[in-house]
Amino acid sequence: MHRVGPHRVWVTGAGVVSSLGIGRKAFGKALLAGESGISRVRAFDTERIGRHYAGEAHNFDAASALTRDEFARLDRCAAMAVAATRQAVEDARLPTAENAATIMGTTMGDAVLLSNLEATWITKGLASVNPLDVKRYSASRLSTEVARSIGARGTSLTLNAACAAGNYALGVARDMIARGKADVIIVGASEVIAPLQYAGFVRLAAMSPDLCRPFDANRQGILLGEGAAVFVIESEAHANARGAVPLAELGGWGLSCDAYHVTRPHPEATGSIVAMRDAIARSNIDPSAIDFVNAHGTGTKYNDLAEAIVMRDIFGDRRVPVTSNKSALGHCMGAASLLEGVSCLVTLETQMIPPTINYETADPECDVDIVANVARAAKVDILLNNALAFGGYNAVTCFAKPGALPAPLAMEVNA
Amino acid sequence: MKCVITGYGIVSRVGIGAREFERGMQGAPPAFGSARDAGFDADALIAHASNFDPKAYLGDKGLRSLDQQTKLVLAASRLALHDSGLKQDATWRNGDADTTGFILSTAYPNLEAIHDLVRVFILEEPRYINPNQFPNTVSNTPAGYASIWEGYRALNATVSTGNTGGLDAMSLAESFLATGRAKAIVVGGADSLTPALIAAIGLTGSQITAGEGAALFALESQANATARGADAIATILGFGSSTHFTDQVSVVAPSTTALKDAIELALQDAGASVNEIDLVISGLGAFSKGGTIELAAIDAVLPVTPVAAPKRYLGETFGAAASFAIASGIAWRDGVPAAAIVRGSCSQPKMLLITALGLHGNATACVVRLNTRKS
């Protein structure tokens, strides 16, 4: 199995479940059209919570997307992941996934199930809790159920990295292939909206009453969203051997930890700057090669200011276009950065940058080149996908048109 | 890359700190305690770390909003940093914050907070949810607090793969060290006893003796350890992991095939033969079905090698279990007590195979070589 790297890493397929559509084509079309996936919450009653909007994937029908056994076994988070996995494997025309590893990111996994078990305990007594439901609760099932759905026999890993989980999963998977530790990996992220989470963000005074307005002077915070995104990634040699067509190349990725505050980014964005510089350096390029940054863009003042500082620090006076998919999708937490990763694929394919919708009033403290309200045509060969998260996590991934990146750097610096 | 362990921090029922843990693991296993005596509303035996007073290791400021698991993590993290010499007297000495990372394995990271806050949500009002407690519902918060308390800035990650997590976290640390993302990483597992966990075990009738604790290791490259004059207690030689399902119906589905494959891959990655392994440190003792499956996988590859079961001392510590298995191997370097032995006998083991069987088709194994200690 272990072949000495570094190997180029291709993305050869992607699957999506989101409030903006099912499948990467539908998702990309809606994003570029500036559509919004935000609607009034249907999954639970929000009256007592005081906020009412989110990006729910109303069009996801688990019963039709899963087998009967899977439908009986899986809760919504894993169900969305499995559905997106099937799409990705089909999109990549991967004939078998037997040798694949599976790596999934999430913030909470199927914690809705846990909340529901607790609610039954509280309202009906412990004896009313179904033991089978108890057995279904386990964070590790996200990656193992994805493996099960496609018969993957390799390493199975679930990474909890809050709102940077998608980038973490993709980065870890990318390094495994680049180092020759795996040939093909199914990598994804999935997240659902739980009432407790929804209320918790309201209590943190982080939830907007209506719209998500990243980088806008009149921003009022985040809206939550849900969804799943899954990629098939392969070594160049593995993809070429089976005649796969690459959608993108994955460059190096960067990560760091602020070690500052459990919910807020560092006010000087020190960790986020380190992560972005690391992603650029590990892609064997310099900042001048970056054509576009897909921002974390939550629509909170703390986040927007931190990202504006990062853009100034990394790119100086050069105004690199920036957009936030969260304006349209809401904040899909652990799944966010991989849904945004699919948006990055859309940009590389179409040479169009999806807009940051709801943008009305420039914030003088966020002097960045926002792609506002309407998609923008642009030459984008290499781009970065930025993510920040609770716990002070920072993770930045790099996507490029196949052939746009120089040869990958040697990976094993500590042999 | 061959990584080395240069120190470790333990919070467990058999001892707090590396030396106390080693003494505890060399004696007889302490009797499990009553859940009710520990304040839980259940008639069950548990392996409670009742000897743990977080204030003794963390002071008494800033603890109010932290859950039990986070306190276990913070204490073990501090102990690991000092045992390895990366910090002395709470100050970085032979390492630094920018080049040191932190990785935690946890199977049930948010049970306590969700248990508490769902009650507030339902029985009171959502507006009474404590915003300082809400972050504890997020799975990577204990690891995030470790960075805030100690300053780990190179990286921070959380792995949730259940019982295999301690080894999966260490494998992830190897990747980060090999690719130069950190010079040292404090890595291991932690899980805590909570009312929801104990209730869940009772409901499912799985007869697990649930335990709690944290086992964290300072892991670094041999070159980094040598450069700073650190004692390489153990060397991590290789990993293997696999996934396998025999049906499409079972939710809990531990797999002999997955563990057998993982063991073979770990031996291959380590360049070690079956005959070189002195001792298998297993996850046996967690629950009877899992024990049968795990032993079958071990038998298939290492039919005559002695097998030990540290869970007889520690109970089932879930995401921390495989980390405790490695720590137990270190504790048993001068001999394995008979009470820990499932089969065979073993004195002064040098080469260990750690096995971890996941509940959901996953399995991981790891080969560890114990080194002669300088002191």
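Okay, let's start with one residue, Asp363 of chain A: Asp363(A) sits in the loop between strand 14 (352-353) and strand 15 (369-370) of chain A. And keep in mind throughout that this is a predicted model.

So is Asp363(A) buried or exposed? It comes out at a relative accessible area of 6%, and because the cut-off for buried is under 20%, Asp363(A) counts as buried. Who does Asp363(A) touch, once we leave aside its neighbours within four places in sequence? The contacts are Phe215(A), Asp216(A), Ala217(A) and Arg219(A).

Over all chains, the structure holds 45 of them. Let me pick out a few.

One is Arg8(A) with Glu249(A), where the closest N and O atoms are 2.8 Å apart.

Arg40(A) has 42% relative accessibility, so it goes down as partly exposed. Glu47(A), with a relative accessible area of 52%, is exposed, because the line for that class is drawn at over 50%.

Next, the two chains together. How many residues does each chain bring to the contact? Chain A brings 73 and chain B brings 77. Between them, chain A and chain B bury about 6,400 Å², and carbon and sulfur atoms account for 61% of that. On the chain A side, the residues losing the most area to chain B are Arg48(A), Arg148(A) and Arg153(A), together 12% of what that side buries.

In terms of specific pairs, there are seven salt bridges between chain A and chain B, along with 33 residue pairs in polar contact, both partners at pLDDT 80 or more. Helix 5 (residues 111-124) of chain A gives the largest share of the side of chain A that touches chain B, namely eight residues. By class, that side of chain A splits into 37 nonpolar, 19 polar and 17 charged residues.

Here's one of those cross-chain bridges: Arg119(B) with Glu118(A), closest N and O atoms 2.7 Å apart. What is the accessibility of Glu118(A)? It's 2%, so Glu118(A) counts as buried. There's also a network to look at on screen: salt bridges with shared partners join Arg73(A), Arg141(A), Glu145(A), Arg148(A) and Asp247(B).

Last stop, inside chain B. Chain B is divided into domain 1 (3-227) and domain 2 (237-370). Taken over C-alpha atoms, the centres of these two domains are 21 Å apart. The contact takes 50 residues from domain 1 of chain B and 35 residues from domain 2 of chain B.

What area is buried between these two domains of chain B? About 3,100 Å², with 69% given by carbon and sulfur atoms. Three residues stand out here: Met25(B), Asn163(B) and Leu167(B) supply 26% of the area that domain 1 of chain B buries against domain 2 of chain B, more than any other three residues.

As for charged pairs across this domain interface, the rule finds one salt bridge. Glu22(B) and Arg333(B) form a salt bridge, their closest N and O atoms being 3.7 Å apart. Polar contacts between domain 1 and domain 2 of chain B come to 13 residue pairs, both at pLDDT 80 or more.

Several elements each supply at least two residues of the domain 1 side, including helix 1 (18-26), helix 6 (165-178) and strand 9 (184-191) of chain B. Helix 6 of chain B gives the most, with seven residues. And by class, the side of domain 1 of chain B that touches domain 2 of chain B has 24 nonpolar, 20 polar and six charged residues.

That's the tour, thanks.

Key: Residues are numbered from 1 along each chain as its sequence is written. Chains are lettered from A and ligands numbered from 1 in the order in which they are written. This is a predicted model: local features need pLDDT of at least 70, side-chain atom pairs count only at pLDDT 80 or more; totals for chains, interfaces and linings use all residues. Side-chain values use heavy atoms; hydrogens and water are left out. Domain bounds come from an automatic or database domain assignment. Contact means heavy atoms within 4.5 Å. Buried area is the accessible area (1.4 Å probe) that two parts lose on being put together, summed over both. A salt bridge is a side-chain nitrogen of Lys or Arg within 4 Å of a carboxyl oxygen of Asp or Glu. A polar contact is a pair of N or O atoms within 3.5 Å; within protein, one must be able to donate a hydrogen and the other to accept it, and residues adjacent in sequence count only if both atoms are side-chain atoms. Helices (H or I, at least four residues) and strands (E, at least two) are DSSP runs, numbered from the N terminus. Ala, Val, Leu, Ile, Met, Phe, Trp, Tyr, Cys and Pro count as nonpolar, Asp, Glu, Lys and Arg as charged, and the others, Gly among them, as polar. Buried means under 20% relative accessible area, exposed over 50%, partly exposed in between (1.4 Å probe, protein chains only).
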